[in-house]
Amino acid sequence: MEPYKKHESIAALMNRSNVDTDQIIPKQFLKKVERSGFGQHLFHDWRFNDDGSDNAEFELNKPAFKGAKILVVGDNFGCGSSREHAPWAIADYGFNTIISTSYADIFYNNCFKNGILAIKVDKDQLDKLMTEIAANEGVRFVVDLENQQVTTLGGTGFHFEIDPFRKGNLLSGLDDIGLTLKHVDKITEYEQQHKKDYPWLWA
Amino acid sequence: MQALEYAMKKTMYEKIWDSHLVVDEAGQAPLLYVDRHLMHEVTSPQAFEGLRLSGRKVRNPHSILATMDHCVPTKNRNLPIADPIAKKQIETMAENCRVNGLNLYDMTDPNNGVIHVVVPEHGFVHPGMVVVCGDSHTATHGAFGALAFGIGTSEVEHVMATQTLPQKKSKTMQVVVNGSLSKYASAKDIALAITGKIGTAGGTGYVIEYTGSAIRELSMEGRMTLCNMAIEAGARAGLVAPDEKTYDYLKGREFAPSAQYWDQALAYWKTLPSDEGALFDATVTLDAADIAPQVSWGTSPEQVVGVDGCVPAPESFTDEIKRQACENALAYMGLTPNTKITDIPIDLVFIGSCTNGRIEDFRIAAEMAKGTQVAKGVTAIAVPGSYHVKHQAEDEGLDKIFIDAGWEWRDPGCSMCLAMNGDELTKGQRSASTSNRNFEGRQGKGGRTHLVSPAMAAAAAAAGHFVDIRKL
């Protein structure tokens, strides 16, 4: 995983709530056995017309949002299925930061496994950001994970909270499995006790 | 003093959590031990690839049970899979399981079926376990008093390599369903009513424990249906305390504790229910007698109403987000405000899925279908959750009832629940479906899904529109 660095980028706006993972990456694209290449199918059913051409009405197809790395969206983003293809598609499309009031649990976890910073803000803060983007499409934000700070060109700056463990992993780009395997002796010890306490599970 | 007493009383979730903590140190997420790992072909290939690339091995192959369900055809199983990408996914699953020595019920295995139907059939999950699967409907297994939740593919790889997961402790929510269900309402209706009441984000950050007399009265299959949809209310997992029904269900199944260990296991299971007076972070209460057969009208499982109700008008919602969501949903669903639910015509009926693909579901649906004919212009498909369900139904003659009534009787799979295998709605088609999600495009691009119970689905097939089954 690439370490997450401070960056300035266009913030794209999708003013929709309860966007589910079936919308983020429709099921017809879940049959691949690789992790890569899902970005071309991100939001497929909204993004493309029936004939395969771009749907000009869809937010992310606006020229002003091209190249955006930051996605600002409504409440409860990523609800539904556990498919990690959703954050794979988001990251592969080019986003590395999402800002919303809330996320579905599994999706939220999946983001951090894929180098995506999912920032939670309160409703008022989200409204301000949405208003600023709507008034000035193509506006750029600076995201500084180290200092847990987002600054917009309109001068709105805000601090965000994040679990220190998730923050550390994003900043270092460290592999979770490697971290856990540092405790392999404890896992083995736990298993030995587990076999004594619950022998039927190992019979 | 009183506070101290409360502090010592634990919920079932806390008991399972505490007994599975491997590492709990400041500065890092607690590591939780995983007893059972369930797998299917869609969310596992990239995890196996990751394992291979890093030179790691599966730590405990015996903790894994795998099946093929999402992409498999539900008819003409003897023919090669037509979709080359699906075919590759199926072949990859078989190869990954072979190389790693995992127990796989492949497409042709007599034990094959939908993962969350197959696993209980074999007694693979017991009370008190931590169970994961790269699938949000893993919550199903909470019916046994196991902490069961869906994970992403990176986590699938993590569990294979380490048998643990870094986890954040959830809050606890008690959902109390008092009283008794009417004859025509089912576990599915409770699940939809709860989602309607608390919303699809209502349970976010929580593990739900379902309690109350209506829950105790549910069969094990009913409890599976209920816990299955905990995720639809945003919860990580749903739990039902184990009781005699749980123990009776498990006894004698292939992976249940053997006679040698049965008493020891049983003694442990009986320690699991939440202590009397244990505190939950939130409590929601429903009265089962008030729950009418439910029908979803929108594109989110919280958009539901009793069958005797009407499609709501956007302006009936005071919350601006809900008002907008209603407007969008009605446009997608092609529905007009204030239409009676029983006036909505349907094109297709689907009975099946990990929510409602078990034998009791087909029994009640067959009871409704018996002596009827599928309405003109309607297609009705019955897709058993597993080959065992299918053969059991056939032994009871249920297949004949469906076929005589004009239904298609299929082989098992996820099928139209998420429409990955070619079974799908076409644009504008409207279904009565016993599955769990009515998201836009879930059952096919432009398809319109109404979530209902098996009895409601079967009644709709005969009538061509929704029917208040209490009035039949």
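Tutor: Residues are numbered from 1 along each chain as its sequence is written, and chains are lettered from A and ligands numbered from 1 in the order in which they are written. In this predicted model, local features need pLDDT of at least 70 and side-chain atom pairs count only at pLDDT 80 or more, while totals for chains, interfaces and linings use all residues; side-chain values use heavy atoms, leaving out hydrogens and water.

Student: What makes K445(B) and D50(A) a salt bridge?

Tutor: The term asks for a side-chain nitrogen of Lys or Arg within 4 Å of a carboxyl oxygen of Asp or Glu. For K445(B) and D50(A) the N to O distance is 3.4 Å, so the pair meets the definition. A search of the whole structure finds 32 salt bridges over all chains.

Student: Why can such side chains pair at all?

Tutor: Side chains of opposite charge can pair when their charged atoms come close.

Student: Why is D50(A) called exposed?

Tutor: Buried means under 20% relative accessible area, exposed over 50%, and partly exposed in between (1.4 Å probe, protein chains only). D50(A) has 59%, so it counts as exposed. K445(B), at 29%, is therefore partly exposed.

Student: What do E232(B) and R437(B) form, and how do you know?

Tutor: Their side chains meet in a salt bridge, at 2.5 Å from N to O. E232(B) lies in the loop between α9 (220–228) and β11 (237–239) of chain B, and R437(B) in the loop between β18 and β19 of chain B, so the pair ties together parts that are 205 residues apart in sequence. Helices (H or I, at least four residues) and strands (E, at least two) are DSSP runs, numbered from the N terminus.

Student: Are E232(B) and R437(B) buried or exposed?

Tutor: E232(B) has a relative accessible area of 3%, so it is buried. R437(B), at 1%, therefore counts as buried.

Student: Where do R323(B) and E327(B) lie?

Tutor: Both are in helix α12 (residues 320–333) of chain B, 4 residues apart, about one turn of the helix. R323(B) has 23% relative accessible area, so it is partly exposed, and E327(B), at 38%, counts as partly exposed.

Student: How do you know that the length of α5(A) agrees with what a helix should span?

Tutor: The expected span is 1.5 Å times one less than the number of residues. For the 13 residues of α5 (residues 123–135) of chain A that should be 18 Å, and the end C-alpha atoms are 18 Å apart, which agrees.

Student: Which residues of α5(A) are buried?

Tutor: They are Q125(A), L126(A), L129(A), M130(A), E132(A) and I133(A). They cover an arc of only 160° around the axis, so they sit on the same side of α5(A); the arc is that of the directions from the helix axis to the C-beta atoms. The face turned away from the buried side carries exposed residues, among them D124(A) and K128(A).

Student: What makes β5(B) an edge strand?

Tutor: The open sheet of 5 strands in chain B has the order β5-β4-β3-β6-β7, with parallel pairing. The edge strands β5 (103–105) and β7 (147–150) of chain B each pair on one side only. Two strands pair if DSSP finds at least two bridges between them; 3 bridges join β4 (residues 64–67) of chain B to β5(B), so these strands count as paired.
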